[in-house]
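Open the model in your viewer and keep the selection tool at hand.

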Amino acid sequence: MATVSLTGASKEDAATVFGVLRTAFPTDRPSDDVPQEQPGDRTAVWTAEFEPTQEWIPTDPIPLEGSVSATIQGGYVAVDQLREALDVTFAVDERGTASGDQEKEVDLRLTTKR
């Protein structure tokens, strides 16, 4: 399992990113669960867990309205598979990584692939 957290995005862009990952991998969220705006001035953070599998269906590039900050945290293989799925669909800029004995965290900036 790996956890994906999205920030700095519109709810539509967050739904697009989660939709791509949901198409490729099983998730803890039902298919009709979409990101919702929260009242107030706080930055929204949307989170879902995914279970990467050896075989996944890549998607074609999909446009985003703006950029999305994504943090993926989990086991090395799971994080790498989620990153690969995002890399196929979006332009991915790696902002930083942190590694431990059994888990790693990757911070990414996703934009429309040109």
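**Helix pair**

The model is predicted: local features need pLDDT of at least 70, and side-chain atom pairs count only at pLDDT 80 or more, while totals for chains, interfaces and linings use all residues. Residues are numbered from 1 along each chain as its sequence is written, and side-chain values use heavy atoms, with hydrogens and water left out.

Select residues 11-24 for helix H1 and residues 76-89 for helix H2. Helices here are DSSP runs of H or I with at least four residues, strands are runs of E with at least two, and both are numbered from the N terminus. The two axes come within 10 Å and cross at roughly 120°; axes are lines fitted to C-alpha atoms, for helices over the stretch in contact, and angles run from 0 to 180 degrees between N-to-C directions. H1 and H2 are therefore oblique to each other (under 35 degrees is roughly parallel, over 145 roughly antiparallel, 65 to 115 roughly perpendicular, and the rest oblique).

Now show side chains at the contact. From H1 come Val17, Val20 and Leu21, and from H2 come Leu82, Ala85, Leu86 and Thr89; contact means heavy atoms within 4.5 Å. By class, this contact of H1 with H2 has six nonpolar residues, one polar and no charged (nonpolar: Ala, Val, Leu, Ile, Met, Phe, Trp, Tyr, Cys and Pro; charged: Asp, Glu, Lys and Arg; polar: the others, Gly among them).

Select Thr89, in helix H2. Is Thr89 buried or exposed? At 0% relative accessibility, Thr89 counts as buried (buried is under 20% relative accessible area, exposed over 50%, partly exposed in between, with a 1.4 Å probe and protein chains only). Leaving aside neighbours within four places in sequence, Thr89 is in contact with Val20, Thr59, Asp60, Pro61, Ile62 and Lys113. A polar atom of the Thr89 side chain lies 3.4 Å from the backbone oxygen of Ala85.

Move to Phe18 in helix H1. Phe18 has 7% relative accessibility and so counts as buried. Its C-alpha is 9.8 Å from that of Ser5, 13 residues apart in sequence.

**The loop between S2 and S3**

Strand S2 covers 46-50 and strand S3 covers 68-75, with Ile57 in the loop between them. Ile57 is exposed, at a relative accessible area of 58%. Phe25 is 32 residues apart from Ile57 in sequence, and their C-alpha atoms are 8.5 Å apart.

Ser67 lies in this loop between S2 and S3. With 29% relative accessibility, Ser67 counts as partly exposed. Which residues touch Ser67, leaving aside those within four places in sequence? They are Gly8, Ala9, Arg109, Leu110 and Thr111.

**Arg95**

Finish in strand S4, residues 91-99, at Arg95. Arg95 counts as exposed, with 56% relative accessibility. Not counting residues up to four places away in sequence, Arg95 touches Asp107, Leu108 and Arg109. The side chains of Arg95 and Asp93 are joined by a polar contact of 3.3 Å; such a contact is a pair of N or O atoms within 3.5 Å, where within protein one must be able to donate a hydrogen and the other to accept it, and residues adjacent in sequence count only if both atoms are side-chain atoms. Thr59, 36 residues apart from Arg95 along the chain, has its C-alpha 23 Å from that of Arg95.
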